[in-house]
Amino acid sequence: MKRRAFAVALGLTVAVVGMTACGSGGSSAGGDSGTIHVLVYGDASNKVEKQLVETFNKTSKVKAVLDTIPGADYQPKLNTIINTPQAPDVFFNWGGGSIQPYVKSDLLLPLDDMIAADPGLKSNFLPSVFNTAVIDGKSYGIPMRGTQPVLLFNNKKVLADAGLSVPKTWDDLLNAVRVLKAKGVTPFALGGGDQWPTLMWYEYVFDRVAGPELFQKALSGDKSAWESEDAKKALGMLKQLVDAGAFGSNFDSVKFTDGGSPALLAKGKAAFELMGSWEYATQQDASPDFAKGDLGYSSFPSIAGGKGDPANVVGNTNNFYSVLKKSKHPEAAAAFLKLMYSDEFVKAQLAIGNLPTTTGTEQFLGTAANPDYSKYQYDLVKAAPSFQLSWDQAYPPAANTPIHTAVQQFLNGKLDVNGFIKAMQALPAS
């Protein structure tokens, strides 16, 4: 899954039915129909979700029904039905801020009792990932699908032609900008027109300069974090990149979502792109020869004197399944969630290019669509002292537009440092 979109529409598709549903998108959460409804983001990964539902229904007395909502409509539709009779029993989310409003409204079932009965629901997942869905000390989500760290992708041929290697430090990165600009190559492709790709730069630079504590402090409601010296230093370094021409001059006119920024990388017009791990699948689809031969990847460079561990990563830690408190069949929901650490689940996800975060994933990496790439990501996430959830997923959905606007306007010069600080301090409370 790529990122998220927020166009409002109300279509719901019942993809797999174990027993007759209570109408389109009907649910057992508000009544007992002998089924549990599992609601997921509608995309190519539904192939695996259909398979797991079929596996569950072979042995369960309570049958599962898989409902899908097209990805662009998922979050607004979920918000519309979450507190109605059409609410699902189990639903897909991103953890963090994406479920926090539901926790505050007392709609979700804490999963701690399930975990006490089956410790594997927690112990079979990487801790840095599992904890993304822990809110106020209680667990509200079980990892599903896979992890999506943000990586620094590169065009290996462009780097070789310029005599450059992958930057390991911020100074290496700035040197690469100078060398590439002199050769007429845009150093970093940036889909600024989508705004969220720009946010990835902030997430990493703030992490490397200040460590993950600054953002966690801000997220907890301490607005002073945004005006700290570390925050101002990070903003200064981002401005330094823009002034050096790191992103070219028209980055706000380029998008990832229409294939613009990936094409710049594949065609050698740019040397790098900072993007989520789905960049690989994007290139495999649009530019398969480039993906096979010249697409490289690395972690984000270290920053000298920074407080953040160079092994830290940012991105979408994982997708999760959460359970509604009013479900009539929590035992069946728990049995369904157990499948999320099964060998069948892991192998099926790897086969379509996803990277599950179970502790057993490693033994199956050789079966992945691209074993080397999957192993690189797995090792990166496993070793990460901190895996910071994307800012626009850590905050509640109401903060998304203000965050995206602020990061875009600071980078394109429409906001100064003080303007950015004020915009972030005005974010809705988490």
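The model is predicted: local features need pLDDT of at least 70, side-chain atom pairs count only at pLDDT 80 or more, and totals for chains, interfaces and linings use all residues. Residues are numbered from 1 along each chain as its sequence is written, and side-chain values use heavy atoms, with hydrogens and water left out. Helices (H or I, at least four residues) and strands (E, at least two) are DSSP runs, numbered from the N terminus.

**Nonpolar core**
- The largest nonpolar core holds 137 residues. Such a core is a set of buried Ala, Val, Leu, Ile, Met, Phe, Trp, Tyr and Cys residues joined through side-chain atoms within 4.5 Å.
- Buried means under 20% relative accessible area, exposed over 50%, and partly exposed in between (1.4 Å probe, protein chains only).
- Tyr-202 and Phe-206 have the most contacts inside this core.
- Helix 9 (residues 196–210) supplies the largest share of the core, 10 residues.
- Beyond its neighbours within four places in sequence, Tyr-202 has contacts that include Leu-235, Trp-391, Phe-410 and Phe-420. Contact means heavy atoms within 4.5 Å.

**Helix 13**
- Glu-279, Tyr-280, Thr-282 and Gln-283 are the buried residues of helix 13 (residues 279–286).
- Seen down the helix axis, they fall within an arc of 160°, so they line one face of helix 13. The arc is that of the directions from the helix axis to the C-beta atoms.
- Their cover includes strand 8 (148–155), helix 12 (260–266) and helix 17 (371–383).

**Strand pairing**
- Two strands pair if DSSP finds at least two bridges between them.
- Strand 12 (residues 313–316) pairs with strand 8 in the antiparallel sense over two bridges. Here Gln-148 stands opposite Asn-316.
- Strand 12 also pairs with strand 14 (residues 387–389), in the parallel sense over three bridges. Here Val-313 stands opposite Phe-387.

**Salt bridges**
- The whole structure has 11 salt bridges. Each is a side-chain nitrogen of Lys or Arg within 4 Å of a carboxyl oxygen of Asp or Glu.
- Arg-145 and Asp-43 meet in one of them (2.9 Å, N to O). Arg-145 lies in the loop between strand 7 and strand 8, and Asp-43 in the loop between strand 2 and helix 1, so the pair ties together parts 102 residues apart in sequence.
- Arg-145 is buried at 2% relative accessibility, whereas Asp-43 is partly exposed at 24%.
- Asp-43, Glu-49 and Arg-145 are linked in a network of salt bridges.
- Arg-208 bridges to Asp-207 at 3.1 Å between the closest N and O atoms. Both residues are buried.
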